[in-house]
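I opened the model to look up its surface, its core and its strands. My entries follow in the order I made them.

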Amino acid sequence: MIPHTNLNIPANGTLALQPGSYHLMMINPKRLLTAGDEVTMTLTIGSDNTMTVAMPVTKAMHTSSEDHSHHHH
């Protein structure tokens with residue numbers, strides 16, 4: 001897993017967020033989250049645009065090559 005602070009999406013392009021590919025991971029959330037919960041996040045798009053989205057919390061899916069045990073989902 002490679003952490004990214006920015007993802008560049010070309011004009012009229014798309015980026016899918018999904019397990020095993022690009023995804024969002026909350027590190028040290030303010031409350032305990034469990035699969036089935038929903039969180040609201042504000043994404044910054046460009047230098048001055050934001051988008052607020054509601055996202056489901058899902059159970060982490062690991063492959064044998066990934067070790068996220070130090071993360072708190």
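I began with the surface and found a nonpolar patch made of Leu7, Ile9, Leu15, Leu17, Tyr22 and Leu24, with about 480 Å² of accessible area together. Patch residues have over 30% relative accessible area and no salt bridge, nonpolar side chains being joined within 5 Å; a salt bridge is a side-chain nitrogen of Lys or Arg within 4 Å of a carboxyl oxygen of Asp or Glu. Areas come from the Shrake-Rupley method with a 1.4 Å probe, and for residues only the protein chains shown count as cover.

I note that this is a predicted model, in which local features need pLDDT of at least 70 and side-chain atom pairs pLDDT 80 or more, while totals for chains, interfaces and linings use all residues. Numbering runs from 1 along each chain as its sequence is written, and side-chain values use heavy atoms, without hydrogens and water.

I located Leu7 in the segment before β1. Leu7 is partly exposed at 36% relative accessible area (buried is under 20%, exposed over 50%, partly exposed in between).

I counted two strands and zero helices (DSSP runs: E of at least two residues for strands, H or I of at least four for helices).

I then listed the largest nonpolar core: Leu33, Val39, Met41, Val53, Met55 and Val57 (buried nonpolar residues joined through side-chain atoms within 4.5 Å). β1 (38-45) and β2 (49-56) each supply at least two residues of this core.

I checked Met41 beyond four places in sequence; its contacts (heavy atoms within 4.5 Å) are Leu24, Met26, Met51, Thr52, Val53 and Met55.

Last, I recorded that 11% of the 73 residues count as buried.

Methods: Buried means under 20% relative accessible area, exposed over 50%, partly exposed in between (1.4 Å probe, protein chains only). Patches are made of residues with over 30% relative accessible area and no salt bridge: like charges are joined within 9 Å, nonpolar side chains (Val, Leu, Ile, Met, Phe, Trp, Tyr) within 5 Å.
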